[in-house]
Amino acid sequence: MVRTLFYNSVFFLFTFPAFAAAKKDLSFWEMIAPPEDISENGHLITWLFNYVTGANVFFMTLVILGIVVFSYLYSAKRHKKAYYTYGDKKAHILFVAACCLAVFLGVDMNITRISNEDYTKVFNKPPDPTKEDVVRIEVLAQQWMWKFRYPGEDNVFNTADDVVTLNDLRVPINKKVYFQITSKDVIHAFYIPNIKRKIDALPGKITWMWTKFMKAGNWEIACAEMCGTHHYKMQAFLTTYTQDDFDKWYKNAQKYAELENNPEDPTVFWGWKWY
Amino acid sequence: MASFEQHIHDKPTTFISKYIFSFDHKVIGKQYLWYGIFFLLVGGLMALLIRWTLAFPGHAMPIVGHLLFPATNGVVPPDSYAMLFTMHGTIMIFFAITPILIGAFGNFCIPLMIGARDMVFPSLNMMSFWVAVVSGLLLLAGLITPLGAAAGGWTSYPTLSTLLGSPGVGQTLWTMSIFVLGISSLMGAVNYITTIIVLRAPGMGYFDMPLTIWGVWMTSILNAIFIPVLGAGCLLLIFDRVFGTTFFLAGATATQGGGDPLLFQHVFWIFGHPEVYILILPGWGIVSDLLSFFARKPAFGAKATAMCMVSITVLSTVVYGHHMFTTQMSPLLTQTFMTLTMTISIPSAIFFVNWLGTLWKGSIRFTSPMLFSIGVIFVFGLGGLTGLYLATVTTDLYLHDTYFVVGHFHYTMAASVLLAGFAGIYFWMPKMFGVLMNEFWGKVHFWLSFLGLNGVFMGMMLAGYGGMHRRLYDPFVYEFLQKLIPVNTFITYSSLLMGGAQVIFVINFIYSIVKNKKVEDNPWEVGTLEWTIPSPAPHYNFKEIPVVKCGPHELGNPALKDRDFQYQTEELVRG
């Protein structure tokens, strides 16, 4: 026991610089940079984030300046006699009120207005599949995997020609993709870091999300809501194709689906009619 | 405004009546302090284990890991990891911060600062502590059940926390423990509210109360209103787990009938958001007072500060929806909750201006309680401002459930509350134990903790900005998170620094109590009522019930001749 303890500690002492050295070629800013935004509207979120950051840096600088400058100027050593005031003079009250108004009207209400506009006019405004060409996908979350269902050739969900994949989401770029999401057991959250958004997968309820991918490549999907011991392994892979590549894959997958989907097996038909 | 006579009781003589089942609010306050510090250490060790796992996945934590997880050669297994972060959150919120800030300071300070001989219901007070002990035992009992303690996160969302996701009895014990703790908090809250209203010394209007009392008062009101809501939620969860009801089951898991898991989130957060103010309000009060005491001038805009506490108390009850933006609420609700949440920044802005206004043109004495109080301005500034990102719907879509949230609420709930708690401990040490803690080591403790906690929580926010989500046993199974390994290593080193700094505190605390070097009655030269009596306070507090003639922050009055402060029992000197 003591010996293992000792060896493990020694082993650790020698290995931790290796951890620290990992990926050292990245600069600090590259290291903490958010995942690359590959969606049409993710920039709205980035912009608002930066706007809030600007405001925060400004106000935090004021607070820090206040602390540092006052601590320096008015320490007991330098400033023997305190100024006796309750802070209830007219000038004091006006100053406090001005600060509040600056924060509330200048920053808060601006953020609220912009965010609300983005949310109601973009993120929370579903595309209409009857009027425009969208890719519809049903997502089923369960401990600890993601299942994706495409409607297949007949464009109707829950039929034998549906393409169903496990932890493998493939979508075309430059086209709206519309997800409907639910969960089989506990609450999960469908998190695509590269579009900067997530939405909960709730048992007994269907939530939805839409986006338009703009760049082809391989990305990751994660579960963002604690869902049990192996929450950390609930990972899926996202492949974004150009329209041609997507069509090629989809056609092929369709062929296999028709061969492999057993119409007698009810577990295949976990999908729902599109809402 | 004492409406009845407060008798001086005989001093308790036996050990049990003096130290165990004591009716004395000061002893109960100290009991809560020890209780809180014990759980703070347990929760802190859990935090270190969590951090270790995140920074060095698959490597054993020296000594501690080997002792706790011999089966896996010292490495924390994934299920234990889930228990660790669940218990860490629960312990820190309900069993460390609540007992220290509300139990210890509330009990100790209320009667002393309002000039009463004890709480208005002393036996309810004693019961409140011992019920809290029962609750702590229930929680710890979960650790030795076959399937281990609760592991669904401190929020315990169903359906994960129903039998479907957590079959073990640990989760039931957790829920019962929170329910029982709610009873304890409720008893405390009723007692505090009544005491503050009924037992204020003659002449003490509400605005003559120190701001600490305002903070504890508002906290108690929130507790009295919202703890029962949490209790109801816990009870329904227990029904679901034990009696087979389906309040929170839905979808495939609800074999018959069925409820809604979101219902629990509503119940939980309608309590949960006021809870963060329950935790921070006493801290705000303490900091507002201490800044004035050590800047040697009256608290800037004290009435406004008190009224801001009231308005935050009211506002905190109508903003909880911002915890649930990703559940796809109606846009009407997201807009409402976002706007309401933003209005909280008005009273918050007033706090900051008032705190800085108190420092402005003061004559600041940088004692250790003062350093901690100034630290609170900084960390609460960061914590509050980063809340803007999370109150905003669209940025929340990205940041929700990431480490950014973890960093944000640790700044507001852990960093601010801890620093305010330490400020209070250093400040009231003479009144509690009749001793002062070592100033030098107090300052070392402050600077190391301050560096450490900023490293930890700033690092967490950076990791969250980089996209790292919460509650992952091994975040680096994701390729996009692998570049964050150095950030996580940095956070862990900072957390070790912060943890190490607390050793200094514990040694300083115990050593000064054991050494027992007597200190004068009013070492800080402050005029509130608790400093008019000997240190440590005698068991009856005040020989004569004091009569209050001026406010709590009468410092730096130029009309005063021989000293720069005056007691609240003295007529205000006018120039």
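**Before you start**

This is a predicted model, in which local features need pLDDT of at least 70, side-chain atom pairs count only at pLDDT 80 or more, and totals for chains, interfaces and linings use all residues. Residues are numbered from 1 along each chain as its sequence is written, while chains are lettered from A and ligands numbered from 1 in the order in which they are written.

For the complex, the predictor gives an ipTM of 0.92 and a pTM of 0.93.

**Stop 1: the two domains of chain A**

Select residues 42-123 of chain A, then 134-268. These are domain 1 and domain 2. The bounds come from an automatic or database domain assignment. Taken over C-alpha atoms, the centres of the two domains of chain A are 44 Å apart.

**Stop 2: strand β5 of chain A**

Select residues 176-183 of chain A. This is strand β5, and six of its eight residues are buried. Buried means that 20 or more other C-beta atoms lie within 10 Å of a residue's own; exposed means 12 or fewer, and partly exposed is in between, with C-beta atoms placed from the backbone. Strands (E, at least two residues) and helices (H or I, at least four) are DSSP runs, numbered from the N terminus.

Two strands pair if DSSP finds at least two bridges between them. Find Phe179(A); it stands opposite Met209(A) in β8(A).

Eight bridges join β1(A) to β5(A), and the two run parallel. Look for Arg136(A), whose bridge partner in β5(A) is Tyr178(A).

**Stop 3: strand β10 of chain A**

Select residues 235-241 of chain A. In a regular strand the side chains alternate between the two faces of the sheet. Which residues of β10(A) are on the covered face, and which on the uncovered one? Ala236(A), Leu238(A) and Thr240(A) form the covered face. Gln235(A), Phe237(A), Thr239(A) and Tyr241(A) form the uncovered face.

β4(A) and β10(A) are parallel, with five bridges. Pro172(A) stands opposite Tyr241(A).

**Stop 4: where the chains meet**

Show both chains. The contact takes 89 residues from chain A and 100 residues from chain B. Two residues are in contact if their C-beta atoms, placed from the backbone, lie within 7 Å. On the side of chain A that touches chain B, the largest share, 16 residues, comes from α4(A). That side divides into 51 nonpolar, 23 polar and 15 charged residues. Ala, Val, Leu, Ile, Met, Phe, Trp, Tyr, Cys and Pro count as nonpolar, Asp, Glu, Lys and Arg as charged, and the others, Gly among them, as polar.

**Stop 5: the largest nonpolar core**

The largest nonpolar core has 263 residues. A nonpolar core is a set of buried Ala, Val, Leu, Ile, Met, Phe, Trp, Tyr and Cys residues joined through C-beta atoms within 7 Å. Select Ile114(B), Ile213(B) and Ala423(B), which have the most contacts inside the core. Helix α4 (residues 78-114) of chain B gives the most to this core, with 24 residues. Domain 1 and domain 2 of chain A both give residues to this core, so it lies between them.

Zoom in on Ile114(B). Beyond four places in sequence, its contacts include Ile196(B), Leu199(B), Met204(B) and Ile213(B).

**Stop 6: three residues of chain B**

Select Val27(B), in helix α2 (residues 25-55) of chain B. Val27(B) is buried, because 22 other C-beta atoms lie within 10 Å. Not counting residues up to four places away in sequence, Val27(B) touches Tyr19(B) and Ser22(B).

Go to Trp284(B), in helix α8 (residues 261-295) of chain B. Trp284(B) has 28 C-beta neighbours inside 10 Å, so it counts as buried.

Finish at Met324(B), in the loop between α9 (302-315) and α10 (331-343) of chain B. Is Met324(B) buried or partly exposed? It has 19 C-beta neighbours inside 10 Å, so Met324(B) counts as partly exposed. Its C-alpha atom is 8.3 Å from that of His266(B), 58 residues apart along the chain.
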